Amino acid sequence: MDIDAFPIWVIFLGTVLIVLGAIEIGYLIGQNTHRRSEGEKEGAVSGMSGAILGITAFILAFSFSIVANRFDTRKSLVIEDANALRTAYARTAFLPAPARADSQRLLRRYLDIRTRFLRQGEVDEAQIRSVLQETDQLQRRLWDIAVGNVPRDDIGALYLESLNEVAAIHASRVTVGLQARVPHMIWLALLGLLILGMASIGYLTGISGSRRSKATVMLAIAFSTVITMTAGLDRPGAVVVPQHALLDVQRYIEGVPPPVD
């Protein structure tokens, strides 16, 4: 099952229900065991429950670390993208007049679609495909213009180098932002461990003869919040990386002074 098929809020509510349901099932089984026999000791169950919850917390922390580090990488790539585009735009001065104007127009268009995510907020898969397709077309047109018009000397090679860097950073952004995902196996393992861990808490409560605790709701919300944050950071377009560096380049090209703050 693809986790991307569910909206983020559905993942949060679904996780809350799964946690509460697992605790309730474990509680009912524990109560039944407690009524039939007092041989089940709380100490042994508590140790096993703690071990399961510890493994669950480890997998959850591992998954969150993956997506958090990738989010930082995505932010760094935005800055690299902005620097590469600023350099490429400046080096269009090496081109003859007609090609220079065409290249600058294409780079302005390129910048516009790079900042589209910032203006639209959350984007869907169709919008992402559209942006990737248009980006690929612009890169090909920029390269064709450069090959046909760039001077055959070291100065012209600088412009070709800047276009190569723009393309390379774009490929890195696609790989890190869209293709690198938390494997489904980890999500399935996390779900299974979460159910077992919550059921063990309910079972421990049941065999101890205690009543249901209202704190289980807080526990469910806490786990669901972290899992939802992990899923949101992992999903393309759910958490948009700030594009301020690209916006600064856009202002530079348009001759607009940067904001004071």
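User: Which residues is Arg 173 in contact with, leaving aside its neighbours within four places in sequence?

Analyst: Contact means heavy atoms within 4.5 Å. By that rule, Arg 173 touches Leu 77, Val 78, Asp 81, Arg 114, Leu 178, Gln 243 and Leu 246. Keep in mind that this is a predicted model, where local features need pLDDT of at least 70, side-chain atom pairs count only at pLDDT 80 or more, and totals for chains, interfaces and linings use all residues. Residues are numbered from 1 along each chain as its sequence is written, and side-chain values use heavy atoms, with hydrogens and water left out.

User: Is Arg 173 buried or exposed?

Analyst: Buried means under 20% relative accessible area, exposed over 50%, and partly exposed in between (1.4 Å probe, protein chains only). Arg 173 counts as buried because its relative accessibility is 18%.

User: What is the largest nonpolar core?

Analyst: Nonpolar side chains tend to be buried together in soluble globular proteins. A nonpolar core is a set of buried Ala, Val, Leu, Ile, Met, Phe, Trp, Tyr and Cys residues joined through side-chain atoms within 4.5 Å. Here the largest one has 47 residues, and Leu 85, Tyr 159 and Met 198 have the most contacts inside it. H2 gives the most to this core, with 10 residues; helices are DSSP runs (H or I, at least four residues), numbered from the N terminus.

User: Which residues does Leu 85 touch, not counting those up to four places away in sequence?

Analyst: Leu 85 touches Leu 107, Tyr 110, Leu 111, Arg 114, Val 166 and Leu 246.

Note on methods:
Helix = DSSP H or I, 4+ residues; strand = E, 2+ residues; numbered from the N terminus.
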